[in-house]
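This report describes the architecture of a single protein chain. It covers the overall composition, the nonpolar cores and a surface patch.

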Amino acid sequence: SAIAERVGRGALVAVDAHAAAVDAFGDSLYANMILLGVAAQKNAMPIPALAIERAIQLNGAAAETNIAAFRLGRELGARKPANSAAQRSADRTPAGTPVAGELETIVAIRSAFLEEYQDAALAQRYRRRIEALGSLEATRSPGHSGLTEAAARGYFKLLAYKDEYEVARLQTDATLERLMAAKFEGVQRIFYHLAPPIFARRDPRTGEPRKWRFGPWLRPLLKILAKGKALRGTPWDPFGYTAERKLERRMISEFEALLDEIGKRLSPETHAAAVALAALPEDIRGFGHIKRENCEAAKRREAQLLVTLRQPQRPSERRPAAE
């Protein structure tokens, strides 16, 4: 095409962002964010991908979905060129099934984030779980896919819960300072709007903590707090005794137990239920009471799916379709 001749065929990356946005999010509005992710994956952006995600979080508008669209773009950008044998094989793969390289990118991106979020040990814990499940899916359910990707996304979401240490890390990241300096001129003071769980007042209508406005004096304290991430999940974590943090840690341990059971019961007959179970964390969103309600809904759905996982219907047991 004329575009390929203009930019050079080796530099052209063709992605149907409109279709990808509609398929993944039900709205073509996220096509531009997907394209931004592709550009970031191809090193065509002057700032790192992590900085772009920080900017999306700061903007606040549909942040979770926009970040998901951006990461989807990175995954699409990691695919091999369309004229390669690998991509021709991928084109014959059912929709929604990631090729090996794409799944590797999903895991690699999330592993790198977990290492910054906590440490290398957490990233390794994540990779080992997903790699083990990937091997089981290939051997026990040949011809089926989607389970490993669902687990890679769901397990990551539970491991990387946003606590006080993570908020402090994000707020004091050096990349964030550069982004703000580039976007806003003459910034002299930065204020923080936070709801510290220890002394935040409750909203009389919702019962949730109200946000307080803090001045620039808070930044040095946030830097100290960010380094406290080493305490996360230990008996010395002062925030770990709140109900929400206990819930988040319990969800991780319960999901790991669920992955163990999925691995033991995985077969072609149970594969669909296993994929649905592994994807449940994607529905647990929000904070406070919203998160608790979503967690309860996910547990109810889990109970239903576990019946299918534990008592699969064999092909010979299925009723023939009515003629």
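## Cores and surface

Of the 323 residues in the protein chain, 40% are buried, that is, under 20% relative accessible area with a 1.4 Å probe and protein chains only, whereas exposed is over 50% and partly exposed in between. The model is predicted: local features need pLDDT of at least 70, side-chain atom pairs count only at pLDDT 80 or more, and totals for chains, interfaces and linings use all residues. Residues are numbered from 1 along each chain as its sequence is written, and side-chain values use heavy atoms, with hydrogens and water left out.

Two nonpolar cores, sets of buried Ala, Val, Leu, Ile, Met, Phe, Trp, Tyr and Cys residues joined through side-chain atoms within 4.5 Å, are tabulated here.

| Nonpolar core | Number of residues | Residues included |
|---|---|---|
| Largest core | 39 residues | Leu 114, Tyr 126, Ile 262 and Leu 277, those with the most contacts inside it |
| Another core, apart from it | 18 residues | among them Tyr 30, Ala 31, Ala 40 and Leu 76 |

Leaving aside neighbours within four places in sequence, Tyr 126 has contacts (heavy atoms within 4.5 Å) that include Ile 106, Leu 114 and Phe 156.

On the surface, Phe 184, Val 187 and Ile 190 form a nonpolar patch with about 230 Å² of accessible area together. Such areas come from the Shrake-Rupley method with a 1.4 Å probe, and for residues only the protein chains shown count as cover. Phe 184 counts as partly exposed because its relative accessibility is 41%.

How values were computed. Patch = residues over 30% accessible without salt bridge, like charges linked within 9 Å, V, L, I, M, F, W, Y side chains within 5 Å. Salt bridge = Lys/Arg side-chain N within 4 Å of Asp/Glu carboxyl O.
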